[in-house]
Amino acid sequence: MTRAGFEYILDKHASTASKEQSSITKKRVTPHVLRHSCAMHILQATGDVRKVSLWLGHASMQSTEIYLRADPTEKLDALAMEYHRCSNGASSRCPTS
């Protein structure tokens, strides 16, 4: 199957799905978005970037490391830690109230 053929089928199914779920109409549904979403779910489920790398078929781990930087869970954890430091007065980077 060609990339264009896959995009055509995906567009057709996204269009059909948007009739049942109108919020899909406002979202980008592309092969890249599906690939990225699946990779993020694998990362969140396993916590193992090597499994993500194998699934994506990356030649090096450096190509896969971008998913670590994009993981919203890690960002939320970092924000929660910073909030905890601020509430205890332990960080000089906290905004003044």
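Predicted model: local features only at pLDDT ≥ 70, side-chain atom pairs only at ≥ 80, totals over all residues.
**Overall architecture and confidence**

- The protein chain contains 5 helices and 0 strands, and its elements follow the order α-α-α-α-α from the N terminus.
- The average pLDDT of the protein chain is 79, and 69% of the residues score at least 70.
- Of the 97 residues in the protein chain, 19% are buried.
- The protein chain exposes about 7,800 Å², of which carbon and sulfur atoms supply 57%.
- When contacts between residues at least 6 apart in sequence are considered, 27% of them join residues at least 24 apart.

- Buried residues in α3 are Val49, Val52, Ser53 and Leu56. They lie on the same side of α3 because they cover an arc of only 100 degrees around the axis.
- An α-helix has 3.6 residues a turn, so residues three or four places apart point the same way.
- Arg50 and Leu54 are exposed residues on the face of α3 turned away from its buried side.

**Ser53 on the buried side**

- Ser53 belongs to helix α3, which spans residues 49–56.
- Ser53 counts as buried because its relative accessibility is 6%, and the cut-off for buried is under 20%.
- Beyond its neighbours within four places in sequence, Ser53 contacts His58, Ser60, Met61 and Thr64.

**Leu54 on the opposite face**

- Leu54 is also placed in helix α3.
- With a relative accessible area of 70%, Leu54 is exposed, since exposed means over 50%.
- The C-alpha atoms of Leu54 and Thr64 are 9.3 Å apart in space, and the two residues are separated by 10 residues in sequence.
- Thr64 is also one of the residues in contact with Ser53.

**The ends of helix α3**

- At the start of α3, the backbone nitrogen of Arg50 has a side-chain oxygen of Asp48 within 3.0 Å.
- Arg50 is also one of the exposed residues on the face turned away from the buried side of α3.
- Just after α3, Gly57 adopts a positive phi of about 75 degrees.

Note on methods: Residues numbered from 1 in each chain as written. Heavy atoms only, no water. Helix = DSSP H or I, 4+ residues; strand = E, 2+ residues; numbered from the N terminus. Buried < 20%, exposed > 50% of the residue type's maximum accessible area, 1.4 Å probe, protein only. Contact = heavy atoms within 4.5 Å. Areas by Shrake-Rupley, 256 points an atom, 1.4 Å probe, with all protein chains shown as cover. pLDDT = per-residue confidence, 0-100. Arc of directions from axis to C-beta. Polar contact = N/O pair within 3.5 Å; in protein donor to acceptor, adjacent residues only side chain to side chain.
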